[in-house]
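Biologist: Hi! Could you walk me through this model?
Modeller: Happy to, here it is.

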Amino acid sequence: MLLQISEPGIKPLKPRRIAVGIDLGTTHSLVATVDDQRPKVLEDGQGRVLLPSVVHYRADHTVDVGYEAIAWQNDDPENTFVSVKRYMGRGRDDLPETHNAPYRFADVPGMVQFETRAGTVSPVQISAEILKALRERAIRALGDDIAGAVITVPAYFDDAQRQATKDAAKLAGLEVFRLLNEPTAAAVAYGLDQAAEGVYAVYDLGGGTFDISILKLTRGVFEVLATNGDPALGGDDFDRAVYDWMLREAGISAPNAGDARRLLSAAREAKERLSEQDSAPIIAPLSDGAAVRCTLSRETFDTLTSDLVKRTITPVRKALRDAGLSIEDIKGVVLVGGATRMPCIRKAVADFFQQPPRVDLDPDKVVAIGAALQANALAGNRGDDDWLLLDVIPLSLGIETMGGLTEKIIPRNSTLPLARAQDFTTWKDGQTAMSIHVVQGERELVSECRSLARFELRGIPPMVAGAARVRVTFQVDADGLLSVSAAEQTSGVEAKIEVKPSYGLNDADITRMIEDSYKHARHDIEARRLREQKVEALRLIEATEAALAEDSELLSADELVVIHENMRILKETSDGNDWEAIKKAADALNEASTEFASRRMNHSIRKALAGQKLEELDA
Amino acid sequence: MTPEATRNYFELFQLPPSFQLDLDRLDRRYREIQARVHPDKAAHLSDTEKRLFLQWATLANEAYNTLKRPLDRARYLLRIHGVDTREEDNTAMPPEFLLEQIEWREELQAAVALKSLTALDGLAARLRKEMNSLLGSLATLLDVERRHPAAADVVRQLAFLEKLGRDIDQAQTELEE
Ligand SMILES: Nc1ncnc2c1ncn2[C@@H]1O[C@H](COP(=O)(O)OP(=O)(O)OP(=O)(O)O)[C@@H](O)[C@H]1O
Ligand SMILES: [Mg+2]
């Protein structure tokens with residue numbers, strides 16, 4: 001029995017659209033694309049593929065990104081940001097390690113912000129600088145603007161961290177096709193490269209995050225069965241373990257920010273060297289002219305870090321249990337992330353899974369390559385060999401109930417996209433508003449889960465207590481992002497929702513930041529809007545034409561006329577320069593083809609099942 | 001047929017509405033549908049189509065999960081037959097069943113007090129066996145004898161056991177941390 005997914009529901013567009021995959025890592029970032037059917041990682045002017053995720057702010061507000069920023073690390077630590085991914089979507093209370101960071105934290109609620117000599121910046125803005133650098137690299141390498149990007153995130157990232165990543169991409173002027181989980185991206189790259197089938201575990205230990213995903217690979221379907229991880233565990237923590245040991249060895253208690261940076265860099269160098277050698281000499285000059293000199297043996301290193309290694313095994317166990325599987329069910333273990341080069345990690349993984357892990361693909365590049373493959377597919381560039389990705393929500397979603405307890409509404413590891421409706425009622429006569437607190441996490445106490453947002457429902461028609469029935473629908477899309485809508489059931493009135501994200505930015509913030517970055521050139525914004533609307537219009541016209549070519553028999557003659565007429569108007573307006581008119585015409589065409597689109601879906605599903613029934617008869 | 005108008009999940013997958021279900025077939029049809037309606041397939045399409053794909057894919061997941069999990073499938077079948085399992089307000093259970101529950105709970109508490117993962121694993125395994133035997137009788141009640149009220153009683157008992165399973169799971173998780 002063959003699963004036929006080769007014929008996509010709707011034919012892709014003809015013109016090739018350039019799409020890229022971006023691995024926005026804690027320590028390194030990469031950009032890749034698919035060129036002539038083959039994925040390839042793009043290089044900078046000097047032939048390097050890894051861009052260090054480091055951003056330096058200068059006094060004149062210009063920034064250095066990557067290697068140029070690294071050069072500032074020791075001399076200007078306050079304005080040089082490393083591992084900023086750890087701060088995405090995080091408040092100050094979430095960060096036990098902040099006392100060690102050399103940054104000046106701004107005193108603001110919500111997501112952390114830093115004071116720099118170029119003003120206050122958020123992790124979202126810093127990440128946007130990295131993304132901009134990669135976007136420019138891609139434009140230079142490919143000679144054309146890019147239509148969109150798939151950006152990877154740790155599978156265990158919660159809603160706030162995902163939203164922050166998406167916001168950073170918007171700020172960098174990237175159209176986000178999709179946020180893709182890093183281990184899933186790796187599985188796509190690995191699965192397609194090795195034609196793998198069966199249940200695989202992807203163990204991804206990067207610079208700052210750890211993910212474990214269990215996936216089932218069957219003919220063109222990548223299905224995540226369970227995922228788990230630790231969003232604050234990675235190679236950085238191994239550096240810190242060595243650093244703490246160095247301080248003890250050298251009898252230093254409180255190094256200044258510059259020294260701390262130098263010692264950390266030395267610690268990391270030694271750690272990386274120990275992947276090849278049995279011992280590593282460490283020499284780190286200090287600002288007072290002295291130097292720390294010592295030798296770290298692999299044995300000592302393994303002892304220093306054994307707890308960190310163990311901390312990765314607990315999530316592995318949980319993921320296996322959630323998937324309802326045991327070790328014997330796992331056909332292969334794929335290692336991803338630079339930190340999996342450490343022998344202690346390879347040994348721990350081999351011991352746990354009772355098989356040697358697979359290291360066929362470059363652990364630095366595999367995530368970016370998977371993202372590029374997916375971006376290419378999403379751009380509509382793939383013809384016949386398409387695949388399906390079914391991913392899951394990593395952490396349960398819940399709402400706060402009486403006594404600070406969480407009531408789970410969506411359990412972790414549910415396949416995306418998904419929706420859950422929940423009814424609420426008023427507890428006071430004439431009550432017209434209520435507030436819902438949404439949290440993410442596995443614990444019973446609200447205070448031990450991550451607060452995502454408070455939703456303020458307004459405009460409930462006044463009734464006696466308990467008579468109103470407000471149905472709140474929680475929708476989680478394929479990116480793992482939550483949106484909420486509400487309607488009063490007895491009157492049908494849509495309640496208005498005001499979202500107060502606990503750690504994120506709201507849409508107005510994003511718009512303001514984008515406009516700020518164009519502050520001195522009003523017409524830039526207009527030009528950009530016009531360009532975007534024209535691209536959008538072209539895309540819509542092409543999609544509609546393709547749909548008509550395929551399924552116009554699903555329409556009556558009258559309906560056909562209406563769609564053609566709307567298409568003609570859109571074509572006409574999009575030759576002009578009025579972006580608002582183009583948008584209006586596009587909306588009108590969208591509206592006019594809603595029913596058509598819906599019929600086409602039904603048709604496509606019926607056809608699919610009919611085809612499958614025939615195959616079942618044959619089998 | 002809009003996603004909202006698709007009332008019957010069995011019809012969606014074109015499978016006969018019975019408790020005993022060809023799960024391989026369900027799997028294949030689910031994937032066949034997702035391959036057509038998943039939002040990834042609409043990334044290059046219009047906003048209207050994007051929204052439609054999202055709705056359909058959400059419905060397909062909901063339908064698949066309902067039919068895949070035996071207890072949800074049973075509830076769903078009973079609802080089709082107009083029987084409400086009334087799990088929130090009907091807690092009347094046979095006394096032997098309640099006694100058993102007390103024993104399960106005591107064992108769970110003992111395992112937690114001992115911090116014994118092995119004991120919890122053993123408990124989880126026994127619970128699975130117990131649930132499987134109840135699911136067997138549910139199949140007879142629903143598909144053969146068509147005794148729906150009796151089936152609703154068994155569903156309520158199974159819901160109790162499922163809750164116990166989740167508590168064991170939670171205890172395992174907390175112990176591992
Ligand atoms: N040879 C090596 N031995 C040990 N560790 C290494 C080696 N090479 C790289 N690393 C470590 O790998 C980590 C970086 O890995 P990687 O580039 O995969 O992370 P990232 O993608 O930036 O982070 P994340 O995926 O967590 O966001 C760093 O901690 C680095 O020190
Ligand atoms: Mg990574």
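**Ligand and backbone**

Modeller: A nitrogen atom of ligand 1 sits 2.6 Å from an N or O atom in the side chain of A:Ser275, a polar contact (a pair of N or O atoms within 3.5 Å). This is a predicted model, where local features need pLDDT of at least 70, side-chain atom pairs count only at pLDDT 80 or more, and totals for chains, interfaces and linings use all residues. Residues are numbered from 1 along each chain as written, chains are lettered from A and ligands numbered from 1 in the order written, and side-chain values use heavy atoms, leaving out hydrogens and water.

Biologist: Thanks! Which residues come nearest to ligand 1?
Modeller: A:Thr26, A:Thr27, A:Lys85, A:Glu272 and A:Ser275, out of 21 around ligand 1; a residue counts if one of its heavy atoms lies within 4 Å.

Biologist: And what is 2.6 Å from an oxygen atom of ligand 1?
Modeller: A polar backbone atom of A:Thr27. An oxygen atom of ligand 1 is also 3.0 Å from a polar backbone atom of A:Ala339.

Biologist: New topic: where is the cis peptide bond?
Modeller: Between A:Leu416 and A:Pro417, with omega about -5 degrees. A:Pro417 lies in the loop between β21 (405-410) and β22 (418-424) of chain A; strands here are DSSP runs of E, at least two residues long, numbered from the N terminus.

Biologist: Which residue has a positive phi although it is not a glycine?
Modeller: A:Gln37, at about 70 degrees. You'll find A:Gln37 in the loop between β2 (28-35) and β3 (38-41) of chain A.

Note on methods. A polar contact is a pair of N or O atoms within 3.5 Å; within protein, one must be able to donate a hydrogen and the other to accept it, and residues adjacent in sequence count only if both atoms are side-chain atoms. Helices (H or I, at least four residues) and strands (E, at least two) are DSSP runs, numbered from the N terminus.
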